[in-house]
Amino acid sequence: MDCKLSNFFLNPIMLPIGKKFPKKSRATLTAHSSTRVHYKKLTKNLRYPQRQKLPPDFGVNLFLKKPNPQTDQCQSDSTCNNDDKEEEDSEEEDQKDGGIVWEPDEIEAISSLFKGRIPQKPGKLKRERPLPLPLPYKIRPLGLPTPKRHVKTASPMVASSRASISNQVYKNPRFLINLAREIRNLSPDRDVSVLLNKWGRFLRKGSLVMTIRELGHMGIPERALQTFCWAQKQPLLFPDDRILASTVEVLASNHELKVPYDLKGFINLSCRAVIEAMVRGFIRGGSLDLAWKLLSIARNCKRMLDPSIYAKMILELGKNPDNHTLVVGLLKELGEREDLNLRQQDCTALMKVCLRFRKFEIAESLFSWFKQSGHDPSVVMYTTLVRSRYSEMKYREALSVVWEMEASNCLFDLPAYRVVIKLFVALDDLSRAVRYFSRLKEAGFSPTYDIYRDLMIMYMVSGRLSKCRDVCEEAEMAGFKWEKRITSQLLQLERERRLVA
């Protein structure tokens with residue numbers, strides 16, 4: 001039987017993405033014989049058998065995948081063999097049969113679910129994230145800009161240019177001292193208000209304290225009182241205890257203060273700053289009786305004053321040996337205070353007063369307290385302690401203080417060299433005395449007469465006549481004239497040498 005191929009149809013086969021067509025698959029061809037035999041059209045389920053519908057491989061995006069030339073060629077060959085009309089018919093049939101066709105946006109949406117990202121719609125712009133900082137910026141400390149409120153500490157020049165006139169004036173020492181000089185230059189018939197009204201709007205509380213003290217140093221307490229009276233009328237400057245205390249101190253030191261009759265009532269009503277200023281002014285002006293009276297009443301009224309007030313009082317009273325009992329009483333009262341707070345200068349001055357009144361144990365306790373307070377003693381304090389132990393004839397204890405000075409790298413001054421050389425003379429240590437004498441001259445100090453005398457005595461005791469002559473010539477070249485006792489002893493030593501020779 002003659003048969004010829006009249007027509008053939010390729011059923012559309014849905015394959016998962018990424019899989020190739022199997023090699024052993026077969027294509028069923030329908031052939032029509034030459035005889036007109038009509039076959040019944042196959043049903044839909046036979047033509048398109050049901051099979052498991054596999055979802056597309058979401059790991060691969062078909063629209064982003066690069067085209068493969070081999071697959072493209074195979075697809076082009078297969079499509080060339082098919083008729084355009086049959087393809088259109090098959091597509092229409094697929095749509096009618098309910099075949100699943102994935103749109104590009106659907107595939108992209110489903111694949112983005114597995115990637116953890118939801119794509120933006122074409123109309124919206126994507127948000128651009130900032131790039132991460134490089135590693136050096138994470139390691140390097142941040143150099144933050146200086147805030148404006150801290151600009152003073154950062155750059156004083158910038159602060160002074162930005163600050164207002166009031167901030168530049170009200171606590172500027174140069175301006176306040178110049179203001180006192182201008183007040184001094186005023187004519188006697190003019191009041192200070194003429195000058196102060198000009199600068200009153202730029203002043204603040206406490207501004208005129210330095211001006212009033214400077215007027216006191218100039219010896220014009222009446223101008224200081226006028227300045228205080230003007231400040232009393234200014235609501236921005238008064239009441240202020242600082243300006244009141246400075247005025248009281250200036251008037252008391254210049255003997256211009258009228259002492260109230262009832263000092264006890266005055267002390268009970270006055271603040272501590274005013275009482276201390278009054279005592280300080282009386283001490284500076286030499287009115288020790290009034291200062292002592294105020295201290296006694298304040299003690300009876302249980303008003304505690306600053307320890308520096310007691311130190312100043314002790315120093316002034318210690319100049320007179322007749323005030324021995326008063327000084328000892330104040331020292332004991334000062335030692336009983338728990339809130340003892342003394343400066344280094346006050347502590348050293350008290351040690352000198354104790355040395356003058358031969359209260360060596362109080363000097364030792366002051367030195368121990370100062371070291372236990374966490375402070376470093378100065379060369380003056382060390383020298384005072386060495387002199388105290390030397391006066392008490394505790395030479396070995398004084399020598400330990402010298403070694404402590406050397407260990408702390410304390411620079412010796414001329415009084416320190418003097419007392420150390422005296423100590424070595426007392427210890428009969430000639431080598432160390434000569435060594436410190438050489439260090440004294442290397443430091444640039446000129447030896448005093450007592451140093452030359454001590455060395456001369458040591459050389460004469462040891463019998464070193466040539467060294468005695470050298471020291472004698474050096475002292476005479478320095479302008480010192482020897483005592484008759486020293487010259488007679490030197491002449492006697494020379495005669496003995498000649499007799500022995």
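Reader: Why does R418 count as partly exposed?

Author: Its relative accessibility is 32%. Buried means under 20% relative accessible area, exposed means over 50%, and partly exposed is what lies in between (1.4 Å probe, protein chains only). The 32% of R418 falls in that middle range, so R418 is partly exposed. Before we go on: this is a predicted model, where local features need pLDDT of at least 70 and side-chain atom pairs count only at pLDDT 80 or more, while totals for chains, interfaces and linings use all residues. Residues are numbered from 1 along each chain as its sequence is written, and side-chain values use heavy atoms, with hydrogens and water left out.

Reader: What makes the pair R418 and D450 a salt bridge?

Author: The term needs a side-chain nitrogen of Lys or Arg within 4 Å of a carboxyl oxygen of Asp or Glu. For R418 and D450 the closest N and O atoms are 2.6 Å apart, so the pair passes the 4 Å limit. R418 belongs to helix α23 (residues 414-426) and D450 to helix α25 (residues 449-462), so the bridge ties together parts 32 residues apart in sequence. Helices here are DSSP runs (H or I, at least four residues), strands are E runs of at least two, and both are numbered from the N terminus.

Reader: Is D450 buried or exposed?

Author: Buried: its relative accessible area is 10%.

Reader: How many salt bridges does the structure hold?

Author: There are 18. One of them joins R485 and E483, at 3.6 Å from N to O. Some share partners: E249, R280 and R284 are joined that way into one network.

Reader: Which residues does the UniProt annotation "repeat: PPR" cover?

Author: According to that unreviewed entry, residues 413-447. Positions are in the numbering used here, feature names are shortened, and annotations may be inferred rather than shown by experiment. In the model, this stretch is 74% helix and 0% strand, and its end C-alpha atoms are 11 Å apart.

Reader: What makes the phi of N409 worth a mention?

Author: It is near 55°, a positive value in a residue other than glycine. Most residues other than glycine have a negative phi, and most peptide bonds are trans. N409 lies in the loop between α22 (395-407) and α23, and with a relative accessible area of 66% it is exposed. D428 is another non-glycine with a positive phi, about 60°. D428 is found in the loop between α23 and α24 and, at 59% relative accessibility, counts as exposed.

Reader: Which peptide bond is cis?

Author: The one from F238 to P239, with omega near 10°. P239 is placed in the loop between α12 (221-232) and α13 (241-253).
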